[in-house]
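Subject: Structure handover

Hello,

Here is the structure I promised to pass on. My notes on what turned up follow below it.

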Amino acid sequence: MGLTVIPTFQYNFHRHFSFRIGLGYQSLSEKYINLDHYQYAINDPSLIGTISYYNTYHMAHLPTQIRASFGNRTKFFVNAGTHLSILTKQSSHSSFVPSQESIEYPSYNKLNHKNKMDVHFGILMGLGVSTPINDKLQFSIEARNTMSLLKTSTLSRMVSPFDMRADIIPTLLFGVTYQ
């Protein structure tokens, strides 16, 4: 779940095609609740408790796209392009509750804030529809997928482009366009 606010400029260079660029803010979160946590011995895994995570990522987001649209009054469209995202802050909350059999492991509840400057570069694509509200305004809804292909950090650490842990982000966008 998250929030995305991206003011976008659109240049129509053909009746059906346009170029779009935006700059905005994106906040994404992920939650894992009550995952079983095991301690593994040789051929003897034993449950030691459950762990829960809640992470929030705050990013500056720069999408660039080509849009193809079809229709007269109500328009259907397809977007494809690239994105550059800068992770400016990450908040993590984790907790551990030991099982009854393993009381030697203490429970904990942690909240961490990390100010990072990770840069993500990737591709995005989406499908949507826009319909007029009045002569000057249009309402649009779009289903978009964003995938990071390259991640770097301030430590100049590069991560494999095949490491796609939680980097494919489906988004449902609602927008109002002024013409």
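Is F174 buried or exposed? F174 is exposed, and its relative accessible area is 54%. Please keep in mind that this is a predicted model.

**The aromatic pair**

The structure has one aromatic pair. Its partners are F139 and F174, with ring centres 6.4 Å apart and planes at 25°, so the pair is stacked. The cut-off behind that label is under 30 degrees. The pair bridges distant parts of the chain, since F139 sits in strand β9 and F174 in strand β11, 35 residues apart. F139 has a relative accessibility of 35%, so F139 counts as partly exposed. In general, a pair of aromatic rings is described by the distance of the centres and the angle of the planes.

**The fold**

The protein has eleven strands and zero helices. Along the sequence the pattern reads β-β-β-β-β-β-β-β-β-β-β. The protein has 179 residues, and 31% of them count as buried. Take the contacts between residues at least 6 apart in sequence: 61% of these join residues at least 24 apart.

**The cavities**

How many cavities of 30 Å³ or more does the structure hold? There are two of them. The largest cavity contains about 40 Å³ of space. Its lining is made up of T4, I6, Q26, H61, R144, T146, T171 and L173. Strands β9 (137-152) and β11 (168-178) are the elements that give two or more residues to this lining. By type, the lining of the largest cavity has five polar residues, two nonpolar and one charged.

**Q26, on the cavity lining**

Q26 is one of the residues lining the largest cavity. Q26 belongs to strand β4, which covers residues 24-41. Its relative accessibility is 5%, so Q26 counts as buried. The threshold for buried is under 20%. The side chains of Q26 and H61 make a polar contact at 3.4 Å. H61 also lines the largest cavity. Beyond four places in sequence, Q26 is in contact with L3, T4, Y57, H58, M59, H61 and T171.

**R20, a buried arginine**

Which strand holds R20? R20 lies in β3, residues 17-22. R20 is buried because its relative accessibility is 12%. The side chains of R20 and Q10 are joined by a polar contact of 2.6 Å. With neighbours up to four places away set aside, R20 is in contact with T8, F9, Q10, P63, T64, Q65, R67 and N79. R20 and R67 are 47 residues apart in sequence, yet their C-alpha atoms are 7.3 Å apart in space.

**S130, beside F139**

S130 is in strand β8, which spans residues 118-132. S130 has a relative accessible area of 7%, so S130 is buried. Not counting residues up to four places away, S130 touches R73, T74, K75, F77, Q138, F139 and S140. F139 in that list is a member of the stacked pair described above.

**P7, in a loop**

Where does P7 lie? P7 is in the loop between β1 (2-5) and β2 (8-12). P7 has a relative accessibility of 56%, so P7 counts as exposed. P7 and V176 are 169 residues apart in sequence, and 10.0 Å separates them from C-alpha to C-alpha.

**V97, at 48%**

V97 is part of strand β6, residues 75-98. V97 has a relative accessible area of 48%, so V97 is partly exposed. Exposed would need over 50%. The C-alpha atoms of V97 and I51 are separated by 6.4 Å, while the two residues are 46 apart along the chain.

Best wishes

How values were computed
Residues are numbered from 1 along each chain as its sequence is written. This is a predicted model: local features need pLDDT of at least 70, side-chain atom pairs count only at pLDDT 80 or more; totals for chains, interfaces and linings use all residues. Side-chain values use heavy atoms; hydrogens and water are left out. Helices (H or I, at least four residues) and strands (E, at least two) are DSSP runs, numbered from the N terminus. Buried means under 20% relative accessible area, exposed over 50%, partly exposed in between (1.4 Å probe, protein chains only). On a 1 Å grid over the protein atoms alone, a cavity is a set of points where a 1.4 Å probe fits but cannot get out, and a pocket is an open set with protein on both sides within 12 Å along at least five of seven lines; lining residues have an atom within 4 Å of a point. Grid points are joined across faces, edges and corners, and a volume is the space filled by probe spheres set on the points. Ala, Val, Leu, Ile, Met, Phe, Trp, Tyr, Cys and Pro count as nonpolar, Asp, Glu, Lys and Arg as charged, and the others, Gly among them, as polar. Contact means heavy atoms within 4.5 Å. A polar contact is a pair of N or O atoms within 3.5 Å; within protein, one must be able to donate a hydrogen and the other to accept it, and residues adjacent in sequence count only if both atoms are side-chain atoms. Rings of Phe, Tyr and Trp (its six-membered ring) pair if their centres lie within 6.5 Å; planes under 30 degrees apart count as stacked, over 60 as edge-to-face and the rest as tilted.
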